[in-house]
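Me: I have a structure to go through. Can you take it in short steps?

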Amino acid sequence: MGTHDEDGVARRRFDVADAAPLLLDGRGVVTSWTRDAERLLGYPSPEAVGKDLAGLLTHADAGRVPDILERCRRDGGWSGLLSARRGDGRPVPVMARFTSADEPGAPSRWLVLLNETGDAPGWTMSRFVLEQMLSGSPIGIAIVDTDLRFVWSNEALARFGGGRPGDRLGLRFADVQPGLDAEAAEAQMRRVLESGETVVGYEHVGHVRAAPHRETAHMLSFTRLEDEHGNAMGVYYTVVDITDRHRARQRLALLDRAGRRIGSSLDIARTAQELADVAVPGFADAVAVDLLEPVLRGAEPAPGLTTAGPEDSVPLLRAGLRIAGIPRPERPVPDSDPPGSPPPTAPTPTGPATDADDTPPTATRPHAPTAAEAATDTAETPAANRPGAPTTAGDEGAANTGGRANPHPPGAPTTAGDEGAADTGGRADAVGRPGAAPSARGATDTDRRPAPNRPGATDPRITAGGASRADAPAAAEGEADTGEWADAAGRPGAHAPNAGGAEAHTNADPTDRHSTDRAGAPVAAGGEGGGDGSAAAGGGAAGDGGAVRYPAGSPPVRCLLTGQPWRAERLDASAEEWLRDMEARPEAASPSDPAGVLIVPVRARGTTLGVTTFLRRRRREPFDADDVALAEDLVSRAAVCVDNARRYTRERDAALVLQRSLLPQRLPEQDAVEVAACYRPADELTGLGGDWYDLIPLSAARVALVVGEVPGHGIDAAAAMGRVRTAVRTLAALDLPPEEVLAHLDDLVARMSREEGREASPQAQGAGCVYVVYDPVDGRCAMAAAGHPAPAVVLPDGRITFVDLPQGPPLGAGGPPFESVETVLPEGSTLALHTDGLLAQGEEWALDTDRTRLRQALERRADTLDLRCQAVIDALVPARPFDDVALLMARTRRLSADRVAEWELPADPAAVSEARRTASRRLTEWGLAELSFTTELVVSELVTNAIRYAAGPIRLRLIRERTLVCEVFDGGATAPHLRHPRTTDEGGRGLLLVSQVTQRWGTRFLPEGKIIWAEQSVTDPAG
């Protein structure tokens, strides 16, 4: 017969040592009382002994006593829950167990064991349930003694490696998990033993025995165990695997970093390099970004490049490469930056990695992370060992700042100190690649730097006579010298970038300085941030731009053609030819290490631009499906930025083509002046503006110097400027005086404005222009201005004056007629023609103050006119000017007397033959006897016409410079006309013959008459 168990108390198996025993006789009267019973119910022994059991219970349970005693007699015992009444009247819930205590020959007795349940709610469950909860719990649980040796653990802890519970007994943490930081974990245990304070949420990152190649994260909680006297007995701790949560935080942080760091500029290769920089070493050990060659040029990929058959190989260009553990070569930095430009990021020292996979797994954090830490720290430095780290889904959500990253560069601010964010990315790289451009992230972006000197970006600088000088020393204000710099891949021969703005100096053939300005030579823009010792180096490194041709049928080709990712868990990289470019590694790595490989196509807006290859070494787990999804997200963000940069490159190249067609690439070679010019546009992204300058050769060795500006900035202003500049050159060919040129130009601009209407903006109406004509024979200089500052003159002795030039109205505005002034300049004087942007300080400028600034800038000496021109720009113009700035400086020369011959001729036909002989003798003296026949013909025809049709004195003049000029002056006011006579006509063939045997001819009117002139080449007599 078994004991009756009314409430399942028997199955609860409470500890007898904690029970309060007492004895009842057969009638239920207390016959024996113990101290434990007195402690539990509060009755002293004399008061309790002899008392009926019903008197010790509450009124509700007192009536149950007869039934309980009956069951005891019938079943041999009883167990259940009762409500006892303490001596002070307070009820006490107890678990009661009745069992027989009979002795032979003695009356029946019952032993009653009482256990209080009110203060120990856990005892409402059976001991069997509690043991099942501990042993069968999915959470790892262990108990260590004060020496931190295992005394108990459950089966769940064995899943992490280190042996079954029995194998752990007597061992320490380091003995069972050598891949984790045992010292840090035991330090937490000792702290709990000493202080008694429970540690909850301590995060620990490392490699457990059960997964040696996989980084895992665990959350541990520690509680001190004490005996009944409060002495420490050991530590009870739990272990929860939070690897999935940890990896999710790392992925979100990686995407957040990608959103902040990829697309910091509109440079295609820089963007590709930023993708590689972000992924190494946190996501992969090596990353290569290979793009189609048209993409780097800003063009659309040809359909045949991505739709060929699977057996066709596809040529790509290595745009970005990052390999963990290889020191990164530092980028060359200009000696100085322009005033007002942000300082470049200091070079990042080479050192051990600080990103996720290179951070020692032993790192700990003594505090709970914030949401910002979850978004930034978990990828760069793992969420390592943080007591109190967030573990709820809400915390993960707080860390999901990476999901909001906008892949479109415009408007997205960057953070100082970000990888690549504070770099000189806005400038061109070291090889002057087209498409290198400032950031489009807004005015606060540290990458916004002026565009570099490149062919056609603006006007090239010229020296005396337009001679090309590729070795001219660089100007001040951050312009790189012409010596060769090593690029980011360490290659010599690449020119350093110009930080002085999108300006050009006309002293060299653009193809000379920018012979490497080609697609397919991208320079790595990486090298900033991270400090992980990784590098863009090795074969096909970023900045190398070398061609990469993958074999037909290789995974990259299949990935490129299908647009689908490809991965291999373990691949012998040394045996795969297409992976050898990524095999640069630390010396400690074995060449035979199998690698995990993942290839993802770079696709944007439905177009495949290239492929990205990720590689992991043997020490890390292979890529899984989650990694593929993350890589696709990462690459897709970068792909949009690459495509934005590609489109920008295409549009900028179109703008540069327009600029090249509107501004002179090389100013004409001539002997009248030595010139230098600088142009700095306000629109630094396109390098276009409404200011222009020009040098136009005129007849008789004279030159016209022109500087002007059209209201507005950008491509519209540049187009309007091109129309005005073309009109000026056309009018200059008529050999008109300066005031008449401006008058005709004013009429033309006004007519264009009327025809285009008011809605056209900007219009040429309101343009300003100064037109100067210099004659090197006598040093006379005539000039007129239309709403434009007067030129400054630097005399040979260093004194600086400003021409007192009457100001005419802006072009197209109407007003009084234009007036000109004429002055004689000593040889060696320097004219400084400039737009008002040179004098501007903000939107307003004061003439007297700014003339003082200009005077001070012009007083500075320089070795060459080029350097002097650049120094003036540097002194007066900020790196990002409010208005376009053009400066043209011309140092005057004189033709020596032996290069000019002049004769007065009588109005007698007999003088024609003498004029021919005189001219022939002078040509012989000049060593130009081969031109005698042609010159005699020209002299004969022009002098004959003067004698026949004109009145007044007649003069013949020969000028020898780069051409031979023959002039005949007479007092007539009528212009000759070229005729095409019929075969039967007796005359009218003179000017036709002159036009056939000379390079060009024309008529120039003077107040006292006119001059008919003709030019011959001294280098090509036949021309």
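Me: What does the pLDDT of the protein chain average?
Reply: The average is 74, and 69% of the residues score at least 70. pLDDT is the predictor's confidence in each residue, from 0 to 100. This is a predicted model, where local features need pLDDT of at least 70, side-chain atom pairs count only at pLDDT 80 or more, and totals for chains, interfaces and linings use all residues. Residues are numbered from 1 along each chain as its sequence is written, and side-chain values use heavy atoms, without hydrogens and water.

Me: Where does pLDDT stay under 50?
Reply: Residues 331-544 are one such stretch, with 634 contacts (heavy atoms within 4.5 Å) beyond four places in sequence in the model. Residues 584-591 are also below 50, and have 13 contacts beyond near neighbours in sequence.

Me: New topic. How many residues are there, and what share is buried?
Reply: The protein chain has 1023 residues, and 54% count as buried, meaning under 20% relative accessible area with a 1.4 Å probe, protein chains only.

Me: And how many helices and strands?
Reply: There are 26 helices and 36 strands. These are DSSP runs: H or I of at least four residues for helices, E of at least two for strands.

How values were computed. Buried < 20%, exposed > 50% of the residue type's maximum accessible area, 1.4 Å probe, protein only.
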